[in-house]
Amino acid sequence: MSNEVKQKEELEVLTSIYANEWKTVDEANQIYEIEISDSKVRLQVILPTDYPSRSAPVYQIHVDCELSHVRPLIASGLDQIYEDAEGEPVLFQWVEWIREFFESRKEASSSTPSATQSHSADSDEEIAETAASDYQNRFRVVEAASVVCPPISHGQPLVDRKSTFQAHLAPIHSTLQVQIVIDHLLENSKIAHATHNINAYRFFDETKRVWIHGCDDDGESAAGSRLLHLLQILQVENVLVIVSRWYGGIHLGPDRFKHINNCARDLLQHCGYIKSKDSKHKKKKGKASRS
């Protein structure tokens, strides 16, 4: 995804979250600002053309005179957030970090009467660390809410000795999408009550230029790593596969691993992820049902 597209999507999200608090100062030069409620801070940012992949936003922190001593702490916090983001948008994290910092500072002051008169630099540094942890948890929730769940395909169930296996598949380009797809599937009570929901995923991170992969056995020992190995030997790209198993009361032994991989392979084949010898990627086919 290009920097321009990422900036546009981020600005749309910020406008939807903060409404009139988020202001456009100069659209042509990509200058924006927000006055963070209850913090006496106004944050102004300029977005470079190579933000977020290569450059951080240029920012100005406007605070009241009595709070000028916290400006370096805020700057340090914002710089660290951009460094940790590794080329992803950070404006929402910046705003929420500042908000958490001042909320924690206010709570610390109210809990100690004398603290209002003498608030030490050490205590501000401790509050900054706490704010960093709090904003990360809040950001994960809001970020997930702003991402649309990719389309999910479902394979045909396979039944053997009363155990049922069914594969599910979705195109993905981030670990956030992986979690969103899994959460969406688990909203289905039948899938949520499966004995195991084994998953594996593999995608190419365009920003970092590396392959990202992972897996989860969900209680079926080594099943996730076997499923991931299947994705690797088939050289499939940008996909998450989940195989649900409903245990029927009869032990299947090694056959269970064969069924898990066969269900996954069949669905990958139906959806066009498996490369043929004569061509590169096949286009996805609509042979499987969609939810």
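Predicted model: local features only at pLDDT ≥ 70, side-chain atom pairs only at ≥ 80, totals over all residues.
Is E9 buried, partly exposed or exposed? The legends below begin with that residue.

Figure 1. E9 is partly exposed, because its relative accessible area is 39%; buried means under 20%, exposed over 50% and partly exposed in between, with a 1.4 Å probe and protein chains only. Residues are numbered from 1 along each chain as its sequence is written, and side-chain values use heavy atoms, with hydrogens and water left out.

**Figure 2. The protein chain as a whole, for orientation.** Eight helices and eleven strands make up the list of elements in the protein chain. Of its 291 residues, 44% count as buried. The accessible surface comes to about 15900 Å², with 49% of that belonging to carbon and sulfur atoms; areas come from the Shrake-Rupley method with a 1.4 Å probe, and for residues only the protein chains shown count as cover. Take the contacts (heavy atoms within 4.5 Å) between residues at least 6 apart in sequence: 60% of them join residues at least 24 apart.

**Figure 3. The largest nonpolar core, with 32 residues.** A nonpolar core is a set of buried Ala, Val, Leu, Ile, Met, Phe, Trp, Tyr and Cys residues joined through side-chain atoms within 4.5 Å. W22, L43, I74, W94 and I98 have the most contacts inside this one. Two or more residues come from each of α1 (3–18), β2 (31–36), β3 (41–46), β4 (58–63), α2 (71–85) and α3 (91–111), and α3 gives the most, with eight. Leaving aside residues up to four places away in sequence, I98 touches I36, V41, L43, I74 and L78. Another core, of 25 residues, lies apart from it, and includes F165, L228, C271 and I274.

**Figure 4. F92 in helix α3.** F92 counts as buried because its relative accessibility is 8%.

**Figure 5. Helix α7 against helix α8.** The axes of α7 (residues 223–234) and α8 (residues 255–270) come within 10 Å and cross at roughly 35 degrees. Axes are lines fitted to C-alpha atoms, for helices over the stretch in contact, and angles run from 0 to 180 degrees between N-to-C directions. From α7, the contact uses A223, R226, L227, L230, L231 and L234; from α8, it uses F257, I260, N261, A264, R265 and L268.

Figure 6. Most residues other than glycine have a negative phi, and most peptide bonds are trans. Q30, not a glycine, has a positive phi of about 55 degrees and belongs to the loop between β1 (22–26) and β2. R161 also has a positive phi, near 50 degrees, in the loop between β6 (158–160) and β7 (163–171). R161 is partly exposed, at 36% relative accessible area. The peptide bond from Y51 to P52 is cis, with omega near 10 degrees, and P52 lies in the loop between β3 and β4.

Notes: Helix = DSSP H or I, 4+ residues; strand = E, 2+ residues; numbered from the N terminus.
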